Amino acid sequence: MAEGSSVRMWRESEKVLRDTIGMVDDEFADLTMDLLFGQLYGREDKLDLKTRELCIIATLTALHKPEEIKTHLTAAFNLGWTYEELREIMLISVLTTGWPAVADALRQLVGWCLEKEVPLAAPGPRRDGYDNLDWYGMGEKKCQSLFGEGPWKELTDALDLLDPDLKKWAVSNLFGRMLTRGRIDDRTVCLCLTTAFAALRSPRMLKPFIAAALNSGASAVEIEEVLFQAGLYAGQGAVADAVAVWKEVQS
């Protein structure tokens, strides 16, 4: 087991986690702890542990797993993520999962902080000129930069085919308002959303976000690592689907 990873993530909670799973089946508990800490979290040469944990939070938000989020908040805070940053990745997860799952994730975050007496930061201020900003134009500019013109056009053409108003709404309110916030760097955001879309088995959204992660500074090794990681939360079928998309992006 990678002692460094487990201590930094869970500290005193690691034994509780091991014992809780062990109450059900000791062999499965051993497999779980070895698989997570030894074979996944210990792969820090592939992806730094702090980024990996935020990707997990984003994935659990997308999969609508609030109780699992509560467990992982201990690790996230121990690794140095702040309330503001965790709140931010949950808010941006509206792109992957919609409002109800985001609301449940935020409730877990606030409840955990109140229980642990972690101060809740005030809501961030609105951006200058918020009420008059061109959200559609901002969304177009940001996403063409992140995804590249080809993947972005492919995505928006699909929305336009369904309903032109849906395209305007999505570009303005989801991509324009959410991806231009800038409170977490683009590389980290795109790795988080790549992991989440892989876990959701959403190839149409996974493809452009893989491109966005690469364009914002993520390495091919990091992309492969988060796709592999998605399987621990969504099953190996999700990994197989994600690898097919990854090969398409590389071709």
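Predicted model: local features only at pLDDT ≥ 70, side-chain atom pairs only at ≥ 80, totals over all residues.
**Exercise 1.** Are Arg 52 and Glu 225 buried or exposed?

*Solution.* Residues are numbered from 1 along each chain as its sequence is written, and side-chain values use heavy atoms, with hydrogens and water left out.

Step 1. Buried means under 20% relative accessible area, exposed over 50%, and partly exposed in between (1.4 Å probe, protein chains only).
Step 2. Arg 52 is buried, and Glu 225 is buried as well.

**Exercise 2.** Describe the contact between Arg 52 and Glu 225.

*Solution.* Step 1. A salt bridge is a side-chain nitrogen of Lys or Arg within 4 Å of a carboxyl oxygen of Asp or Glu.
Step 1. The side chains of Arg 52 and Glu 225 form such a bridge, at 2.9 Å from N to O.
Step 2. This pair links distant parts of the chain, 173 residues apart: Arg 52 lies in helix H4 (residues 49-62) and Glu 225 in helix H14 (residues 220-234). Helices here are DSSP runs (H or I, at least four residues), numbered from the N terminus.
Step 3. Arg 43 joins Arg 52 and Glu 225 in a network of salt bridges.

**Exercise 3.** Classify the accessibility of Arg 107 and Asp 104.

*Solution.* Step 1. Arg 107 and Asp 104 form a salt bridge, their closest N and O atoms being 2.2 Å apart.
Step 1. Both lie in helix H8 (residues 99-116), three residues apart.
Step 2. Arg 107 counts as exposed because its relative accessibility is 55%, whereas Asp 104, at 22%, is partly exposed.

Note on methods:
Helix = DSSP H or I, 4+ residues; strand = E, 2+ residues; numbered from the N terminus.
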